Amino acid sequence: MKEYYKYINYYGKDILKSKKVKSQKQFIQHGNVSVYDHTYSVAVLSLYLADKLNINVDEKSLVRGALLHDYFLYDWHVKDKSHRLHGYTHANTALKNAKRDFKINKIEENMIKCHMFPLNLFSIPKYKEAKILCICDKLCAISETLPIKGILVKISELKSL
Ligand SMILES: [Fe+2]
Ligand SMILES: [Fe+2]
């Protein structure tokens with residue numbers, strides 16, 4: 001399985017086309033990377049990792065859960081009472097929004113709800129797709145935050161895989 005972005009564009013077509021999802025291009029996630037680009041690169045890295053480690057996954061759920069895992073729809077850098085404890089609360093906010101705007105299955109629900117484990121200690125990833133997302137989200141966050149070129153593949157390179 002190569003050209004991971006083709007799987008993402010196929011399985012996540014309706015998600016990527018959505019106005020609300022596109023609005024995430026204006027919200028910064030880490031460094032100078034938008035929430036939109038962050039979730040896209042997490043989806044690519046999740047497929048890549050599952051492929052390289054020969055883990056038999058539900059690819060469609062893996063892609064959709066990854067694309068929606070940070071669907072909280074606000075700028076977390078802006079101080080506001082409604083998202084004061086962003087790190088602890090945004091997974092549940094993303095899940096609520098995802099359920100409102102898309103049809104999501106049990107695997108995708110667990111992926112979104114539990115992606116912040118172990119910060120959210122009681123939301124434990126149950127499915128292998130959720131475990132992969134949990135790892136890849138952190139790897140992408142590190143690569144977006146720290147200047148460690150060469151250790152992790154950058155998003156532009158990932159997209160061309
Ligand atoms: Fe998150
Ligand atoms: Fe994330």
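**View 1. The whole chain, element by element.** From the N terminus on, the elements run α-α-α-β-β-α-α-α-α-α-α. That comes to nine helices and two strands, where helices (H or I, at least four residues) and strands (E, at least two) are DSSP runs numbered from the N terminus. A word on what you are looking at: this is a predicted model, in which local features need pLDDT of at least 70 and side-chain atom pairs count only at pLDDT 80 or more, while totals for chains, interfaces and linings use all residues. Residues are numbered from 1 along each chain as its sequence is written, and chains are lettered from A and ligands numbered from 1 in the order in which they are written. Of the 161 residues in the chain, 37% are buried; buried means that 20 or more other C-beta atoms lie within 10 Å of a residue's own, exposed that 12 or fewer do, and partly exposed anything in between, with C-beta atoms placed from the backbone. Among contacts with a separation of 6 or more, 63% join residues 24 or more positions apart, a contact being two C-beta atoms, placed from the backbone, within 7 Å.

**View 2. Helix H5 and its surroundings.** H5 spans residues 59-68, and eight of its ten residues are buried. Those eight are Ser 61, Leu 62, Val 63, Arg 64, Gly 65, Ala 66, Leu 67 and Leu 68. Look around them and you will find the helices they pack against: H1 (4-11), H2 (13-17), H4 (35-52), H6 (86-101), H7 (106-114) and H8 (128-145).

**View 3. The largest nonpolar core.** This core holds 35 residues, and Ala 43, Val 63, Ala 94 and Leu 133 have the most contacts inside it. Two or more residues come from each of H1, H4, H5, H6, H7 and H8, with H4 giving the most, seven. Here a nonpolar core is a set of buried Ala, Val, Leu, Ile, Met, Phe, Trp, Tyr and Cys residues joined through C-beta atoms within 7 Å.

**View 4. Leu 68 and Ala 94 close up.** Leu 68 sits in helix H5 and counts as buried because it has 27 C-beta neighbours inside 10 Å. Leaving aside residues up to four places away in sequence, Leu 68 touches Ile 15, Ala 94, Ala 98, Phe 102, Glu 108 and Ile 112. With the same exclusion, Ala 94 touches Leu 68, His 69, Asp 70, Tyr 71, Phe 72 and Ile 112. The C-alpha atoms of Leu 68 and Tyr 40 are 9.4 Å apart, although 28 residues separate them along the chain.

**View 5. Lys 96 on helix H6.** Lys 96 belongs to H6 and counts as partly exposed because 14 C-beta neighbours lie inside 10 Å. Its C-alpha atom is 8.9 Å from that of Tyr 71, 25 residues away along the chain.

**View 6. H7 packed with H8.** Seven of the nine residues of H7 are buried, and their cover includes H5, H6 and H8. The axes of H7 and H8 are 8 Å apart at an angle of about 30°; axes are lines fitted to C-alpha atoms, for helices over the stretch in contact, and angles run from 0 to 180 degrees between N-to-C directions. The two helices are therefore roughly parallel, a label for angles under 35 degrees. Ile 107, Asn 110, Met 111 and Cys 114 in H7 meet Glu 129, Ala 130, Leu 133 and Cys 134 in H8.

How values were computed
Parallel < 35°, antiparallel > 145°, perpendicular 65-115°, else oblique.
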